[in-house]
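Student: I would like to learn how to read a protein chain, going from its overall layout to a single residue. Could you take me through it step by step?

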Amino acid sequence: QVQLVESGGGLVQPGGSLRLSCAASGSIFNIYVGWYRQAPGKQRELVAAITSGGSTNYAGSVKGRFTISRDIAKNTVALQMNNLKPEDTAVYYCNARHPTWVSWGQGTQVTVSS
C-alpha cells in the first residue's frame, strides 16, 4: 500500500489556476489514481481519474478545465485546474486503488473567491 500526500491547494480568484500534486510513497505503475473533492455539506465526488492504462475521465463539471496527468518515474499525479469557479471550492483528495488496497491522502484545501 502506498501513502499519498497532496499539495498545491490555496486561495485563488475566479478564473485563476492551481496545480495540485499527489506524491505517492511507492510506485503508481499499474494503479488507478483519482482526484476527489468534498465541499462543506456535500458528499465526496470524483473529479478526475487516470487508470492503470493511462486513460482519463472527468466529471462533467470540470471537463475542459481540469487535466489529470501522471509521472510514473516520480510517482506523482497532478491535477491542473484552470478557469476556476467558486463552486470548485472544496477539499481535494488523492485516491489510489489497487486490487488489494485503497489509499487516501489527507486532502488539500482549494478556495476560489474574490
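Predicted model: local features only at pLDDT ≥ 70, side-chain atom pairs only at ≥ 80, totals over all residues.

Student: How many helices and strands does the chain have?

Tutor: Helices (H or I, at least four residues) and strands (E, at least two) are DSSP runs, numbered from the N terminus. Here the chain has 0 helices and 11 strands.

Student: Which way do β7 and β8 run, and how many bridges join them?

Tutor: Two strands pair if DSSP finds at least two bridges between them. In this chain, β7 and β8 (residues 76–81) run antiparallel and are joined by 6 bridges, with Ile68 having Leu79 of β8 as its bridge partner. Their hairpin has 4 residues between the strands, and Asn75 takes a positive phi near 55 degrees there.

Student: Is Arg65 buried or exposed?

Tutor: Buried means under 20% relative accessible area, exposed over 50%, and partly exposed in between (1.4 Å probe, protein chains only). Arg65 has 9% relative accessibility, so it counts as buried; this residue is found in the loop between β6 (56–58) and β7 (66–71).

Student: Which residues does Arg65 touch?

Tutor: Contact means heavy atoms within 4.5 Å. Leaving aside residues up to four places away in sequence, Arg65 touches Gln80, Met81, Asn82, Asn83, Leu84, Lys85 and Asp88.

Technical notes: Residues numbered from 1 in each chain as written. Heavy atoms only, no water.
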